[in-house]
Amino acid sequence: MNLPFQIDLSRKTAVVTGAGGVLCSGFSKALAACGARVALLDINQAAAQKYADEITAAGGTAKAYECDVLNRASVEAAHAQIAADFGPCDILLNGAGGNNPRATTTNEYYFEGDLDKDIATFFNLDPKGVEFVFNLNFLGTLIPTQVFTQDMLGRESCCIVNISSMNAYTPLTKIPAYSGAKAAISNFTQWLAVHFSKAGIRVNAIAPGFFVTIQNEKLLFNDDGTPTPRTDKILAGTPMERFGKPEELNGALLYLISEEAASFVTGIVIPVDGGFSAYSGV
Ligand code: NAD
């Protein structure tokens with residue numbers, strides 16, 4: 001695998017949630033390529049298994065675990081199995097997350113007359129959908145952190161990496177719950193960094209710009225594959241004028257994990273966004 005630089009993770013166990021997805025399978029491969037034993041956790045066991053098999057076939061060490069990050073018993077069961085298979089967790093990457101159509105408005109703006117239309121407006125957003133998105137992103141980070149950080153207490157060079165988003169800086173239209181939940185992730189990253197500072201556990205986050213993955217492809221492309229107006233707006237708002245490639249996140253990940261490079265770095269969120277968060281649009 002082509003990595004921007006190499007770090008030695010050969011004595012480390014890394015736990016990655018959402019590892020059956022596009023970005024976190026890429027993260028899992030990068031960690032394995034640096035020698036880590038990688039536990040790929042996903043509610044979709046088959047998806048995680050596929051990537052674990054790919055890592056193993058490439059000479060790495062990986063196993064897939066079915067795990068629902070919202071169910072403490074499920075996370076604890078995965079934890080117990082990983083401890084038996086690979087030993088205690090050194091690196092936790094909280095990647096499970098995403099938006100949901102039930103928490104998405106049809107239009108960007110409210111216009112008079114919208115209430116008479118058969119569309120999802122702010123007024124009829126399903127609170128259960130909003131709750132689902134908040135829970136998946138926030139509790140889905142908190143619960144695995146509660147479980148796996150216990151392994152890190154009293155040990156050296158352990159760290160946590162969370163996944164935030166551009167939404168955390170300025171909310172994107174249509175997706176209020178996802179925006180709020182990712183703002184909560186950036187905030188929680190700082191909270192955890194302070195909370196665990198005396199325990200030597202560094203906690204940081206990556207805020208990816210726009211990458212085409214399963215959770216957002218319906219917003220970005222029509223069924224016939226043509227770009228939606230939202231894609232045009234995203235690319236116009238990204239000074240580098242393109243979507244990111246998942247492997248372009250690896251440099252930030254390896255930097256944050258590296259004890260040599262980032263030993264004094266905790267509580268930060270690194271945007272990897274082609275300039276999106278720096279650009280006012282003018
Ligand atoms: P993805 O949909 O490809 O992957 C998400 C994975 O999480 C899926 O494999 C899914 O099965 C898993 N998952 C869902 N619910 C789960 C649960 N309850 N327990 C365990 N696993 C569960 O999406 P992705 O884009 O690769 O997302 C990875 C992370 O990156 C997410 O936190 C997402 O919010 C974030 N992110 C993505 C982008 C982007 O442009 N794609 C941008 C910013 C942030």
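Predicted model: local features only at pLDDT ≥ 70, side-chain atom pairs only at ≥ 80, totals over all residues.
**Notebook: helix packing and ligand contacts**

Residues are numbered from 1 along each chain as its sequence is written, and side-chain values use heavy atoms, without hydrogens and water.

I looked up the α3 and α4 pair: helix α3 (residues 72-86) packs on α4 at about 40 degrees, with the axes 10 Å apart. Helices are DSSP runs (H or I, at least four residues), numbered from the N terminus. Axes are lines fitted to C-alpha atoms over the stretch in contact, and angles run from 0 to 180 degrees between N-to-C directions.

I then turned to helix α4 (residues 127-148) and helix α5 (residues 176-195), which pack at about 20 degrees with axes 8 Å apart. That makes α4 roughly parallel to α5. I recorded contact (heavy atoms within 4.5 Å) by residues including F134 and F138 of α4 and Y178 and F188 of α5.

I next checked the ligand. I found 29 residues surrounding the ligand, the closest being L23, D42, Y178, F211 and T213; the cut-off is a heavy atom within 4 Å.

I listed polar contacts (pairs of N or O atoms within 3.5 Å). Y178 has a side-chain N or O atom 2.5 Å from a ligand oxygen atom. A polar side-chain atom of D42 is 2.6 Å from a ligand oxygen atom, and one of D68 is 2.9 Å from a ligand nitrogen atom.

Key
Helix = DSSP H or I, 4+ residues; strand = E, 2+ residues; numbered from the N terminus. Parallel < 35°, antiparallel > 145°, perpendicular 65-115°, else oblique. Polar contact = N/O pair within 3.5 Å; in protein donor to acceptor, adjacent residues only side chain to side chain.
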